[in-house]
Amino acid sequence: MENRIKNLFAEKQQGLLSVYFTAGYPNLEDTVPIILELEKNGVDLIEVGMPFSDPLADGPTIQQSSEIALKNGMTIPRLFQQLQDIRKHTQIPLVLMGYLNPVMQYGVERFCQKAKEIGIDGVILPDLPLLDYVREYKSVFEENSLSKIFLVTPQTPEQRIREIDSHTNGFVYMVSSASTTGSTTGKAVANTDYFQRVSNMGLRNPGMIGFGIHNNETFAQACNHAKGAIIGSAFIKALGQEGELEQNISSFIQSIRN
Amino acid sequence: MKYAVDDNGFYGKFGGAYVPEMLYPNVEELRQNYLKIMYEPAFQEELQGLLKDYVGRPTPLYFAKRLSEKYNTKIYLKREDLNHTGAHKINNTMGQILLAKRLGKKRIIAETGAGQHGVATATVCALMGLECIVYMGEVDIERQAPNVARMKMLGATVVPAISGSRTLKDATNEAIRDWINNPENTYYIIGSVVGPHPYPDMVTRFQAVISEEMMAQLQEKEGRDYPDYVVACVGGGSNAAGAFYHYLDRPEVKLVAVEAAGMGIDSGESAATSVLGKEGVIHGSRTLLMQTEDGQVVEPYSISAGLDYPGVGPLHAHLHQSGRAIFKSITDEEALQAVLELTKLEGIIPALESAHALAALDRIGAKPDEVVVLNLSGRGDKDLATYLKRFHFDGE
């Protein structure tokens, strides 16, 4: 079966832009319009956030968008319903990102089967540890052709990065600095030694840098050290502004790419 | 030990370390070192010295004569309420602060609900001269003003948790986020037997001094080192874990865990996790968790802020599921009555948390010649405002 993430990295070598947004924010039914608008504006990969009540790894922006999305009525079944026909409209690589508990309650196997049926390409669950994934869930993800994407950080030892690289496919999510999401201190792109160290390891998977990438400057800097970068909180802030969704999305993506 | 944690950090199917990669090195550092450091002779010598001379251990095992007459059985109270700072919490914070020092950490963070763990952490930080930051839900800051004042007086910075429901669960989230942002110089003192492995096991071991003393004290008073029942309240479950620990593998001892039913199990305002929870993951641990069918964490309710937690330690989830411990639930009203009863019969004003354990005394079926040890985890000073209001001692 075709793997859209693999194809993407084969076709495009640098400057990839991946965008994260919380499904159900700002409005419950915005999921599909946001995906289509992001594609229209030349984004390469989309991470669709599944909101959780207790997002440990996230800063205030994603916490608030999650709270609003849950109030709006977003759930995993609802999200799957919205995405049911998405492959009739776009072939952009789609990754679902969220926390383990809601996925566990839905049923991990059922979740993976449904994701495959819809045409989802990958999954990120930051609080599912590598060892537990390998022991309990890896075969289910693989049977359903889902890339399970893992995070590495500046504190992750080399041996563990290699272990993660060996169990994953798609890309390695390089967390830019010791931080929750949404930092705008600029610390995100300061850690060039770490980026270089990972880059020199010759991993099987390409690297994407995320956390704290929030404008044209930080995006460009991150792209110097990896295949591309991931933007989440800054995009969610743009979605929360007044005005039309289309306009907010296109001006934000243009501001990053130009 | 059959009920001890396994090599992967699990109690049966509960436990583990479900943390984002950002926390992996911190948790791993602790996992590799905690047992080694805890059982070094020099560490034990320092800890035992402080527990004795500073905390005031051993705490008495008091035969409650009038309470025993009332319930027609032999009831002993393990007086954790007589510890410095007024509860069992300091057994754990004293252990962890010494561990943090040996790991070279300079900055201490903690979460707190009612403020008891926050005060116990601020106390040991003052004692050791370490920086202390306590996360506390904005709602709890408003309703627990005296403990906030104590923490500030002890030199701690109290940071309001303004996310989610702004209570204990959110304070814990904020403490974990702080740890993610400060992975190298910071040590997180968790206040209960919750969180990622090795915290549940480590906190249990620091609290196990409770049952260790019980054994010696019962030997002296009853001529045998075990009771027929150990009764303790459970929120996250640290005082119960400590009171049960040395009896876990002794089936002749019945373990009774008492949860907060709040306004009643079916009222929608409850914290009885063993009844209302389903298997899930919270704060890095797979355990029983109060949640919606979509897996969103539900905000619990109890009059007692210390029992107001949507999860329960993984050890207790396992004790519940295996049937090793008996779980009871007690409403706000029943706990308040138990406060009055102990005050009048024995001259001891208990904490609201401990009162839940007391209220379960008539439900355990102890016979006249049987021995019951009830872990009186804390004193009621912190709850005086509630007592004055509910018992109308405030002149109304």
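**Close-up views of a predicted two-chain model**

**Figure 1. An open sheet in chain B comprises six strands in the order 3-4-14-9-10-13, with mixed pairing.** The edge strands, strand 3 and strand 13 (325-331) of chain B, each pair on one side only. From one strand to the next, the twist averages 25 degrees. Two strands are taken to pair if DSSP finds at least two bridges between them; helices (H or I, at least four residues) and strands (E, at least two) are DSSP runs, numbered from the N terminus. The model is predicted, so that local features need pLDDT of at least 70 and side-chain atom pairs count only at pLDDT 80 or more, whereas totals for chains, interfaces and linings use all residues. Residues are numbered from 1 along each chain as its sequence is written, chains are lettered from A and ligands numbered from 1 in the order in which they are written, and side-chain values use heavy atoms, with hydrogens and water left out.

**Figure 2. Strand 4 and strand 14 (residues 371-376) of chain B pair in the parallel sense.** Six bridges join the two strands. B:Ile75 stands opposite B:Val372 in strand 14 of chain B. In general, strands of a sheet pair through backbone hydrogen bonds, either parallel or antiparallel.

Figure 3. Axes are lines fitted to C-alpha atoms, for helices over the stretch in contact (heavy atoms within 4.5 Å), and angles run from 0 to 180 degrees between N-to-C directions.

**Figure 4. B:Glu80 and B:Arg57 form a salt bridge, with 2.7 Å between the closest N and O atoms.** A salt bridge is a side-chain nitrogen of Lys or Arg within 4 Å of a carboxyl oxygen of Asp or Glu. B:Glu80 lies in the loop between strand 4 (74-79) and helix 4 (89-102) of chain B, and B:Arg57 in the loop between helix 2 (41-55) and strand 3 (61-63) of chain B, so the pair ties together parts that are 23 residues apart in sequence. Both residues are buried; buried means under 20% relative accessible area, exposed over 50%, and partly exposed in between (1.4 Å probe, protein chains only).

**Figure 5. Within helix 9 (residues 199-207) of chain B, B:Arg205 and B:Asp201 are four residues apart, or about one helical turn.** Their side chains meet in a salt bridge (2.8 Å, N to O). B:Arg205 is partly exposed at 23% relative accessibility, while B:Asp201 is buried at 3%.

**Figure 6. Chain A and chain B bury an area of about 2900 Å² between them.** Carbon and sulfur atoms give 52% of this area, which is the accessible area (1.4 Å probe) that two parts lose on being put together, summed over both. The contact takes 38 residues from chain A and 35 residues from chain B. A:Asp54, A:Leu56 and A:Gln105 supply 21% of the area that chain A buries against chain B, more than any other three residues.

**Figure 7. Three salt bridges are found across the interface of chain A and chain B.** B:Lys169 forms a salt bridge with A:Asp54, the closest N and O atoms being 2.9 Å apart. Helix 5 (100-106) of chain A gives the most to the side of chain A that touches chain B, with five residues.
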